[in-house]
Amino acid sequence: MNIDASRGALRVAAAGGLGFDLLYVVHRLLQGFGPDDASPAGIAAYSAAHRGRLLGSEVALGLALFAFVGLIAGLTPVVRTAGQDVLATAVAVTGAVFVALGFLSQAAETALTNVSDPSAVLALNQLQGRTPNVWAITALTAVMSSAAWRTRLVPKWLAIAGFVAAGVFALGAFFSVFGREVEGNSSLFGVGLFVVWLFVVAVFLLRGSSEAREEQ
């Protein structure tokens, strides 16, 4: 990959990461903290009362996932050009899994705004809460940190921070399987950690594209 192509790929990756972060924050703001009553009746009442806002949040989430495709599409060829074929494939696969599970979770959340039957609400709420998004984030963060470490696209301290974050996400992933209740507001901590980490990564990728331009 020549310098122009590498610079362009890094800019696409950075734009995808920043776009995902921005749109995901919009999604969470529109979602709010959810109903105080986590029973099926409480969830159905909350969804009916805030239907327009919740549907808007799902549109923002869908756009965020599309933006994330740009991150993966831009990062994968740069990692491969650096001689890390296995890691490049891992970045593409984990990114694709993350996006696919994100759309599955979005579908369940959207469906929740259109049902009132208690059994349907309970099933959809369990599906949304048990969708293994945290497992996908764990794998993605670990792989991206490995790729960043090997290719020096970001400082080593940021790659190490990614490994630490992946460990935190792994604990949350175990809880999502063995916990009796679906994810609650405490999961926002892990999501916030991922968003902040990804923002810093995107900034360094954008900086890397500028350095590639100077090398030209």
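Me: Contact means heavy atoms within 4.5 Å. Leaving aside neighbours within four places in sequence, which residues are in contact with Ala202?
Reply: Ala14, Gly17 and Leu18 are, once neighbours within four places in sequence are set aside. The model is predicted: local features need pLDDT of at least 70, side-chain atom pairs count only at pLDDT 80 or more, and totals for chains, interfaces and linings use all residues. Residues are numbered from 1 along each chain as its sequence is written, and side-chain values use heavy atoms, leaving out hydrogens and water.

Me: How far apart are Ala202 and Ala14, in sequence and in space?
Reply: They are 188 residues apart in sequence. In space, C-alpha to C-alpha, they are 4.4 Å apart.

Me: Is Ala202 called buried or exposed, and why?
Reply: Buried means under 20% relative accessible area, exposed over 50%, and partly exposed in between (1.4 Å probe, protein chains only). Ala202 has a relative accessible area of 1%, so Ala202 is buried. Of the 216 residues in the protein, 44% are buried.

Me: What secondary structure does the protein have?
Reply: Eight helices and zero strands. These are DSSP runs numbered from the N terminus (helices H or I, at least four residues; strands E, at least two). Ala202 is in helix α8.

Me: What makes a nonpolar core, and which members of the largest one touch the most others?
Reply: A core is a set of buried Ala, Val, Leu, Ile, Met, Phe, Trp, Tyr and Cys residues joined through side-chain atoms within 4.5 Å. The largest has 40 residues. Phe20, Phe68, Phe98, Phe194 and Leu205 touch the most other members. Two or more residues come from each of α1 (3-31), α3 (51-81), α4 (85-112), α6 (133-151), α7 (156-178) and α8 (187-215). α3 gives the most, with nine residues.

Me: Which residues does Phe20 touch, not counting those up to four places away in sequence?
Reply: Phe20 touches Ala64, Leu65, Ala67, Phe68, Phe98, Phe194 and Leu198. Another core, of five residues, lies apart from the largest one. Ile43, Ala44, Leu112 and Leu124 are among its members.

Me: How many aromatic pairs are there?
Reply: There are 10. Rings of Phe, Tyr and Trp (its six-membered ring) pair if their centres lie within 6.5 Å; planes under 30 degrees apart count as stacked, over 60 as edge-to-face and the rest as tilted.

Me: What kind of pair do Phe20 and Tyr24 make, and why?
Reply: Their ring centres are 5.7 Å apart and their planes are at 20°, so the pair is stacked. The two residues are four apart in helix α1, about one helical turn. Phe20 and Tyr24 are both buried.

Me: What kind of pair do Phe66 and Phe103 make, and why?
Reply: The centres are 5.5 Å apart and the planes at 65°, so this pair is edge-to-face. Phe66 is in helix α3 and Phe103 in helix α4, 37 residues apart, so the pair links distant parts of the chain.

Me: What is the volume of the largest cavity?
Reply: About 60 Å³. The structure holds one cavity of 30 Å³ or more. A cavity is a set of points on a 1 Å grid over the protein atoms alone where a 1.4 Å probe fits but cannot get out; lining residues have an atom within 4 Å of a point. A volume is the space filled by probe spheres set on the points, which are joined across faces, edges and corners. The lining includes Leu75, Met144, Trp197 and Leu205.

Definitions and conventions. On a 1 Å grid over the protein atoms alone, a cavity is a set of points where a 1.4 Å probe fits but cannot get out, and a pocket is an open set with protein on both sides within 12 Å along at least five of seven lines; lining residues have an atom within 4 Å of a point.
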